[in-house]
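Here are my notes for a colleague who is opening this structure for the first time. Please read them with the model in view.

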Amino acid sequence: MKNLEINGLVKFAKTSGLNGYSISEIAKVKDIDLNGALKAIGKIKKSHNGDVVFFAEKDLYDPDKFRLMEWSKVNDKEVLIKTFDNKMNLISTDKVVPVAGKPAQSKIIGKDFEVVLEGHAVPKDGDVERMLESISETRQIRDKDGRLLRTEYLTPSEIDGLHNWKVVMPDGTVKPIIDVKKSKNGILTVTKDMEALDGTVTKSKYRKLPDGSWAMRLNISKDGKILSGRNVKHKMISANEAESTINGKKYRVLYSSDEIKLLNAKGETDCVIDLKSLVDDNNTPENALKLKNMLKECSADELQVISKKLKTLEYNPNKIDAFANCSAGKVSTGDDIFIFRHEMGHIDDLFGTVENDCAMGRGIYSTAQEFVDIYSQELNMFMKEFPQTQRQYVDYFINHSNLETSIQSFQETAAELLASNKSPDISRLLGTRTEYLERYFPQTRSYLINA
Ligand SMILES: [Zn+2]
């Protein structure tokens, strides 16, 4: 760093009133005009008579932009989030305000959107982590002249964690994007018809019966050309038997307390999962039973991956703390099937490719050049379209600010989409995260279906 820059930074640190983290974030902005920033921040301070708290954060995607969060005692009910470029031009101003009667919720009001978020305190690694879940979203989509093209509404469905999502055209026409229904006799139906930014369309229909039987049809296409498809039926015949059909290929699944046996259409053994070494040896009898029941939901192709790559399955009472140890072939999870499928996505991607540190593993999907290229293209479109509020829904999948988070983002994207290709998210946590990823990364998803 040149002397001049250091002097500028010292002056900035002494006079801006920003904390060390914020200063280092602003200093990282490409070609930042520190004097200009100091002047602009001074002006804002003056407008609040000095009684203001700032927090700054560099944009994860645009190297020449940052956000300044601004809170003052005079107006302590709202936080302003201002996005500036490196010349201190104000790009946008969002507002965060409380939601009346809902102390855990807050609302972000932006130029063309409103999002309601809810905070959850989640125990993690002996500590408590605060997680924000998006409850609802209204978004106006305009053309380049500002004319309203459509409004999209994302609202909670009657199933925790899942949303209904619809488009309303200016003439009042309504088109569902995600439709979640639960009938009186307990049948859950999730229908999706999602269009990505480049016009790629994902259609899926999922049905789940109270006895655990389920079916999914998934179809991804662009300009009428089918890119990928999946058709799965997993039908429970009795507590000890299921029929699992993958793209027309039929299997029988036999369950006992010691093993799961998969037979092909000719009655030959396809694979056997030894539940003693996988489950019983690592859990109390009560927890072992929960995990064995969860495994009954897995379709034939999932069981094939489990039999090859999963060595230890451990019950973890803390849902959000689920993890996969890819070198040992171990998953620790609660009995939430979608979270289990996500962790199995990591195992499928990384087992056998890594000695001890999963983070350094070369995933068979997540480091494939074609996967990286397709994902990067969709990521660019996504980042251009969405401001920080929507990016945050999927921040787990799109952080390429350093090598470590970048490897993690590739791996997490692969794991999450491998999971949702098996069966849609019916987990009770962070639904919007998967809904956004599925809608806006369909070509990446397609690659994983066809891989
Ligand atoms: Zn993960």
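**Notes on helices and cores**

1. Start with helix α12, residues 431–440. In this predicted model, 10 of its 10 residues are buried, so α12 is largely enclosed by the rest of the structure.

2. Next, the largest nonpolar core. It holds 53 residues. Val-253, Leu-303, Ile-347 and Ala-414 touch the most other members. Helix α7, residues 337–350, gives this core its largest share, 7 residues.

3. A second core stands separate and has 13 residues. Trp-165, Ile-177, Ile-178 and Trp-214 are among them.

4. Look again at Ala-414. Which residues is Ala-414 in contact with, leaving aside its neighbours within four places in sequence? They are Gly-345, Asp-349, Gly-363, Tyr-365, Ser-366, Phe-371 and Leu-448.

5. Now the pair α8 (residues 369–385) and α13 (residues 442–450). Their axes come within 8 Å and cross at roughly 160°. Angles over 145 degrees count as roughly antiparallel, so α8 is roughly antiparallel to α13. The crossing is left-handed.

6. Who makes that contact? From α8 come Glu-370, Phe-371, Ile-374, Tyr-375 and Glu-378. From α13 come Gln-443, Thr-444 and Tyr-447. By class, the contact of α8 with α13 has 4 nonpolar, 2 polar and 2 charged residues. Phe-371 of α8 takes part here, and Phe-371 is also in contact with Ala-414.

Key:
Residues are numbered from 1 along each chain as its sequence is written. This is a predicted model: local features need pLDDT of at least 70, side-chain atom pairs count only at pLDDT 80 or more; totals for chains, interfaces and linings use all residues. A nonpolar core is a set of buried Ala, Val, Leu, Ile, Met, Phe, Trp, Tyr and Cys residues joined through C-beta atoms within 7 Å. A residue is buried if 20 or more other C-beta atoms lie within 10 Å of its own, exposed if 12 or fewer, and partly exposed in between; C-beta atoms are placed from the backbone. Helices (H or I, at least four residues) and strands (E, at least two) are DSSP runs, numbered from the N terminus. Two residues are in contact if their C-beta atoms, placed from the backbone, lie within 7 Å. Axes are lines fitted to C-alpha atoms, for helices over the stretch in contact, and angles run from 0 to 180 degrees between N-to-C directions. Angles under 35 degrees count as roughly parallel, over 145 as roughly antiparallel, 65 to 115 as roughly perpendicular and the rest as oblique. A crossing is left-handed if the near helix is turned anticlockwise from the far one by less than a right angle, and right-handed if clockwise. Ala, Val, Leu, Ile, Met, Phe, Trp, Tyr, Cys and Pro count as nonpolar, Asp, Glu, Lys and Arg as charged, and the others, Gly among them, as polar.
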